[in-house]
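Thanks for making time this morning. I would like to walk through one model with you, starting with a single chain and ending at an interface.

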Amino acid sequence: MGDLLITMVPILLLSCYYYGARAFVLTAVSVVSCVGFEALYRKMLRLPRSVGDLSAMATGVILAFNLPATAPVWFPVVGAFFAVVIVKQLFGGLGRNIFNPALAAVVFLTVSWPGVMSSFPLPFNPLPAFATPVHFETGRTALSALRAGSMPDNTLLEMFLGSRPGYLGACAVIVMLAAALYLLYRRIISWAIPAAFVGTVAAAAAIFPRCPSGRLDSVLFEVMSGSLLFIALFVATDPVTSPVTTVGRLLYGFCCGLLTVLLRYFGIYPEGACFAVLLMNPFVLAMDRLAWKLKVKGGTLQYVEE
Amino acid sequence: MWRNRAARCGRTLWRECASRNPVLVRALAVSPVLAVTVSLKNGVLISIVMLLELVILFLLRALFYRRLPEVLRGPVFFAAAGAAITPLWMAARYFVPDVTAAVGFYLPLLAACAFAFVATVPAPAPLPVQSSPEAEEPGAQATAPAVRKAAGVRRIVHALLEAAGSGLGFAFAAVAVSGIREAIGSGTLYDRVLPGLEKLKFAFLLLPPGAFLLLGFLLAAVQAVHLRRKRRTRAGEEEETSGNDG
């Protein structure tokens, strides 16, 4: 967990560079409220303390990075309550939650306040640090452009460097790739889930391109737009809510990618990755069982209570 | 004697409504409570229709449970539930057409829920058997039919009380959920705008997952109250016994 938090720091610095102090304020509020709700819950129910495992901090950071920079300051607090108390603690705490808490909170906020979550400011615009910004220039995200069948407003280089309207943490592809390489080197995340996830989306974008300027552009835009890379690299690889076996991981990544493409092309919201991972979370155990059965012919994988 | 009877009636009513609340304790008929309670008007409508349906169904059950062979009891009462909801549904469509349209098909679904209530209540006790005239003394012959009749009346009254209790329990759950959902979800209550909550419009509560979460928290609150009462009565009994010993 600590390594994950270390890799989040450059992403946070870059988002502060693009969106100002507001990015830091939102992230700080999110982390503090996640940790606070977890400590409060454990204390009220007289359970052993679990704040030390830093998972609440990771949840806070991931939740904040999936918000647009113009979200009100109380947004992460509500999301933190939903993520930590309802999705994580009420299901049994760390290691027992079925759904990824940060992602579930993002979906909860998207469904409850869709207007706020889908208005993205242009980078390098001054935003107030604490007050809710009222007048700001909104940019059209690449996903909205692709959905309408037109060319995105940003060039490929801008998408790669991250100076595009988007979520706080999902902006810079280059920093996310560097962070992912570091985590892969340290063996914290596995290669199978991101490879299958992004590979499936790329393949679908190549076979059914949405960008009018050709297949290669379509693949690159689809892969770099929205929060796909962030979710595939840091959220879908969460060890609690992802499979353990390699075959299971590949299957999980493939299904997540397929669902992302279907939701992006035919769904209501322009972004589909967060919904796709949440939809695949309940099937993780079944995928592990299938992989184990394939590996050990006739063997079964049982869920053992500790 | 009448005070005893009144106390027994009150106890039955309270038991069906609170400690055996069909929605909040036994988790029956959760579907209409979750689906249509987006406004208080809907909640009140389904509560009234459910209460009338339950009264009809419990009465039929009190009258015909023992006369039917065991195999036929389920199908007959299920059909009776469907038959009983039809005039109620038509009346609702006549009197409040817009609210009935908003509730949709969950109003006739209340028939299935009422059947679930009725099927999970203990069977009515058998009436005392009418003894043959020769075996009894001459003085007791006159009382046997009267005793049977009184038991029959008691059974009907008990059925009505159970129906009223279940209906009131369902009404409490439906009104509570719909009131909270409308107040916090759309800032109105019974279509009157609430001044303070207008800004808070928390649309998540109007959607199905919000309903599930809300009902879950309500169920947890009810269970917490029950547990605390049980703990308090158990502590009270222990105090009494220890006081008697010491």
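Contact, as I use the word here, means heavy atoms within 4.5 Å. Please keep in mind throughout that what you see is a predicted model. With that definition, if we take the contacts in chain B with a separation of 6 or more, residues 24 or more positions apart account for 73% of them.

Let me stay with chain B, which has nine helices and two strands, and which, read along the sequence, follows the pattern α-α-α-α-α-α-α-α-β-β-α. Its C-alpha trace spans about 80 × 65 × 35 Å along the principal axes, and the radius of gyration of chain B is 22 Å, whereas a compact globule of 246 residues would have one near 18 Å. Of those 246 residues, 35% count as buried.

Now to the interface, where seven residues of chain A are in contact with seven residues of chain B. The area buried between the two chains is about 570 Å², and carbon and sulfur atoms give 86% of that. On the side of chain A, Phe108(A), Val111(A) and Ser112(A) lose the most area to chain B, together 51% of what that side buries.

What does the count of salt bridges between chain A and chain B come to? It is zero, and the rule likewise finds zero residue pairs in polar contact across this interface, with both residues required to be at pLDDT 80 or more. Helix 4 (75–89) and helix 5 (101–112) of chain A each supply at least two residues of the side that touches chain B, with helix 5 of chain A giving the largest share, three residues. By class, the residues on that side of chain A divide into six nonpolar, one polar and no charged.

Key
Residues are numbered from 1 along each chain as its sequence is written. Chains are lettered from A and ligands numbered from 1 in the order in which they are written. This is a predicted model: local features need pLDDT of at least 70, side-chain atom pairs count only at pLDDT 80 or more; totals for chains, interfaces and linings use all residues. Side-chain values use heavy atoms; hydrogens and water are left out. Buried area is the accessible area (1.4 Å probe) that two parts lose on being put together, summed over both. A salt bridge is a side-chain nitrogen of Lys or Arg within 4 Å of a carboxyl oxygen of Asp or Glu. A polar contact is a pair of N or O atoms within 3.5 Å; within protein, one must be able to donate a hydrogen and the other to accept it, and residues adjacent in sequence count only if both atoms are side-chain atoms. Helices (H or I, at least four residues) and strands (E, at least two) are DSSP runs, numbered from the N terminus. Ala, Val, Leu, Ile, Met, Phe, Trp, Tyr, Cys and Pro count as nonpolar, Asp, Glu, Lys and Arg as charged, and the others, Gly among them, as polar. The radius of gyration is taken over C-alpha atoms; the globule rule is 2.2 Å times the number of residues to the power 0.38. Buried means under 20% relative accessible area, exposed over 50%, partly exposed in between (1.4 Å probe, protein chains only).
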